[in-house]
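Open the model in your viewer and keep the selection panel at hand. The tour starts at a pocket and then moves out to the whole chain.

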Amino acid sequence: YLLTDISGVPFVDDGLRDSAHIRAGMHSRFVDCLSGQRTPWAMISGDPDARLAQATLLIDDIFSGGNAD
C-alpha cells in the first residue's frame, strides 16, 4: 500500500473526500491499521512531484524484485 501523507497538502473538497475536520483522525486511523498488519506499506509525502517520484521508485523496486520496505 502507498499512503499519502496529509502534511503540506491542503484539503480539497472535491465531493469525494470526507470532511476536513476528520482528516487528521482518519489519517491516523489508516496509519494504525497499516502498522498493525503484515502487508508492506509506505508513506509518501512532499509536493506532488516528490510524491510521484517516491511512488514510482517504490513500485519500480517491487517489479524489479526488490524489497520496498
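Which residues lie nearest the centre of the largest pocket? Select T4, I6, F11, R17 and R23. These five are among the 17 residues that line the largest pocket. Bear in mind that this is a predicted model.

Next, display the space itself. The largest pocket holds about 440 Å³.

Now colour the lining of the largest pocket by residue class. Nine of the lining residues are nonpolar, five are charged and three are polar.

Then select by element. Take β1, residues 2–4, and α1, residues 23–35. Each of them gives at least two residues to the lining of the largest pocket. Which element supplies the largest share of that lining? Stay on α1: its share is four residues.

Switch to a cartoon of the whole chain. There are two helices and two strands. Trace the chain along the sequence, and the order reads β-α-β-α.

Zoom out to the C-alpha atoms. Along the principal axes, they fill a box of roughly 40 × 30 × 20 Å.

Finish with the surface. Of the chain's 69 residues, 14% count as buried, with the cut-off set at under 20% relative accessible area.

Key. Residues are numbered from 1 along each chain as its sequence is written. This is a predicted model: local features need pLDDT of at least 70, side-chain atom pairs count only at pLDDT 80 or more; totals for chains, interfaces and linings use all residues. Side-chain values use heavy atoms; hydrogens and water are left out. On a 1 Å grid over the protein atoms alone, a cavity is a set of points where a 1.4 Å probe fits but cannot get out, and a pocket is an open set with protein on both sides within 12 Å along at least five of seven lines; lining residues have an atom within 4 Å of a point. Grid points are joined across faces, edges and corners, and a volume is the space filled by probe spheres set on the points. Ala, Val, Leu, Ile, Met, Phe, Trp, Tyr, Cys and Pro count as nonpolar, Asp, Glu, Lys and Arg as charged, and the others, Gly among them, as polar. Buried means under 20% relative accessible area, exposed over 50%, partly exposed in between (1.4 Å probe, protein chains only).
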